[in-house]
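Subject: Structure for your study, with notes

Dear colleague,

Please find below the structure that I am handing over to you. My notes on it follow directly after.

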Amino acid sequence: MEKKNINLGIFGFGCVGQGLYEVLNRTKGINARIKKICIKDPSKPRPIDMSYFTTDPNDILNDPTIDVVVELINETDAAFNIVSTALKNGKAVVSASKRMIAENLPALYQLQVENKVPFLYEASSCASIPIIRNLEEYYDNDLLNAVEGICNGSTNFILTKIFEENLSFETALQQAQDLGFAETDPTLDIEGYDPKFKIVILLLHAFGTFVKPENVYNFGISHLNDFDIQFARQRNCTIKLIGTCRRQNGHVNAYVLPHLIKEHNLLYDVYNEYNGILLESAFTDKQFFVGKGAGGTATGSAVLSDISALLYNYRYEYKKIKQSNQPAFTNDLQLQVYVRYSRPDQVDLTEFYNISEKYESPTYRYVVGTINLDKLKDAAWLKNKEVNLLVLEH
């Protein structure tokens, strides 16, 4: 982008849109101004002058004076339509819509190539942590072995309240919603879909592998009960919802599952709405990133960082896609897990490779054993709310 002063057209003015407005107005070093904001409901009270707003997308998409389109809405199909139209119109785009990006990555990559315009989306993956930029620039070789960690601030907030303040799941969830860390419908967070979309995006930048979200298994924290929490405490562990992508033997696997985390693990002390990401490479062993993973200004700051990068002609180069040794995706992976259930007919124990521990009482049963991720992905018994799964640290 040749201009050093840029005009922004923003779609959406919810939590992140307002966060962007706030950080933009408090940052003096970026020559960017908001020209127009497209919203759906013109009758809703807004904290800024109504002259900014429009309900017509074309007021942004077809305005030749708008240089950058910033897409911050929750509707997946509408978001893709906005982004693809803007790219075809030769406009740079910044987005925070992790679901839309994860579900359309091949098409979005192709649109950037064909139209020779940048599309940046740092805020889609870990809010305030600049993980995509690091994977693109610092880890642009093939020595990266794994990217894993806490990449959903809502569930981490809930689990922190449960373990640190002994709150019930329902009370912790309500607090997360009251603070704006979780949606009114929290399904995408607590069932592990939100971190799955982020892992799909990180897979591409870490290893150059396109994977459809439906091929990555996710199991969240909604089945968690007091028995599981007590089991974790007895083992001096906490529980964290972890997203993982790891390269092994020429393949790469990925999943989102709740883990039992021991005190020596760097992720153990990542609390509340914070995210924590561990990178593992051949020569540097582990490197650790931590930062706020939810909240308007935290996410808004990542959006603003992308806008700033556009002033310096930055774009993702997707170097790993162009390398000749992209690992193929697989769910053929053995995991050591704890599975809690109530009745013997609720879990098919024949699907385990081995069982190292077994417990039975009139109320609850559990096993600790090894099972293939492919088996878990297809296990009907995991859909039962009386069954829960936790991965043991490897």
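This is a predicted model: local features need pLDDT of at least 70, side-chain atom pairs count only at pLDDT 80 or more; totals for chains, interfaces and linings use all residues.

The axes of helix 3 and helix 5 come within 9 Å of each other and cross at roughly 15°. Angles under 35 degrees count as roughly parallel, so helix 3 is roughly parallel to helix 5. In passing helix 5, helix 3 makes a left-handed crossing.

Helix 3 itself covers residues 76–88, which is 13 residues. Which residues of helix 3 are buried? They are Thr-76, Ala-79, Ile-82, Val-83, Ser-84, Ala-86 and Leu-87. When you look at such a list, please recall that an α-helix has 3.6 residues a turn, so residues three or four places apart point the same way. Just after helix 3, Gly-90 takes a positive phi of about 80°.

Helix 8 (residues 153–165) and helix 9 (residues 169–178) pack with their axes 9 Å apart, at an angle of about 135°. These two helices are therefore oblique to each other. The crossing of helix 8 past helix 9 is right-handed.

I turn next to the aromatic residues. How many aromatic pairs does the structure hold? The number is 19. Tyr-109 has a relative accessible area of 15% and is buried. Tyr-318, at 4% relative accessibility, likewise counts as buried.

Tyr-338 and Tyr-366 form an aromatic pair that is tilted, at 5.4 Å centre to centre and with 45° between the planes. This pair links distant parts of the chain, since Tyr-338 is in strand 14 (residues 334–341) and Tyr-366 in strand 16 (residues 365–372), 28 residues apart. Both tyrosines, Tyr-338 and Tyr-366, are buried.

Tyr-109 and Tyr-318 also belong to one aromatic cluster, together with Phe-119, Tyr-121, Phe-210, Tyr-314 and Tyr-316. Arg-133 lies over the face of Tyr-314, at 5.1 Å from the ring centre. A further arginine, Arg-46, has its charged end over the ring of Phe-53, 5.6 Å from the centre of that ring.

Finally, I would draw your attention to the backbone. Most residues other than glycine have a negative phi. Ala-127, however, has a positive phi near 50°. Where is Ala-127 placed? It is in the loop between helix 6 (123–126) and helix 7 (131–137). With a relative accessible area of 4%, Ala-127 is buried. Asn-313 also has a positive phi, near 60°, and it lies in the loop between helix 13 and helix 14. Is Asn-313 buried or partly exposed? Its relative accessible area is 43%, so Asn-313 is partly exposed.

With kind regards

Methods: Residues are numbered from 1 along each chain as its sequence is written. Side-chain values use heavy atoms; hydrogens and water are left out. Helices (H or I, at least four residues) and strands (E, at least two) are DSSP runs, numbered from the N terminus. The expected span of a helix is 1.5 Å times one less than its number of residues. Buried means under 20% relative accessible area, exposed over 50%, partly exposed in between (1.4 Å probe, protein chains only). Rings of Phe, Tyr and Trp (its six-membered ring) pair if their centres lie within 6.5 Å; planes under 30 degrees apart count as stacked, over 60 as edge-to-face and the rest as tilted. A charge sits over a ring if NZ of Lys or CZ of Arg is within 6 Å of the ring centre and within 35 degrees of the ring normal. Axes are lines fitted to C-alpha atoms, for helices over the stretch in contact, and angles run from 0 to 180 degrees between N-to-C directions. Angles under 35 degrees count as roughly parallel, over 145 as roughly antiparallel, 65 to 115 as roughly perpendicular and the rest as oblique. A crossing is left-handed if the near helix is turned anticlockwise from the far one by less than a right angle, and right-handed if clockwise.
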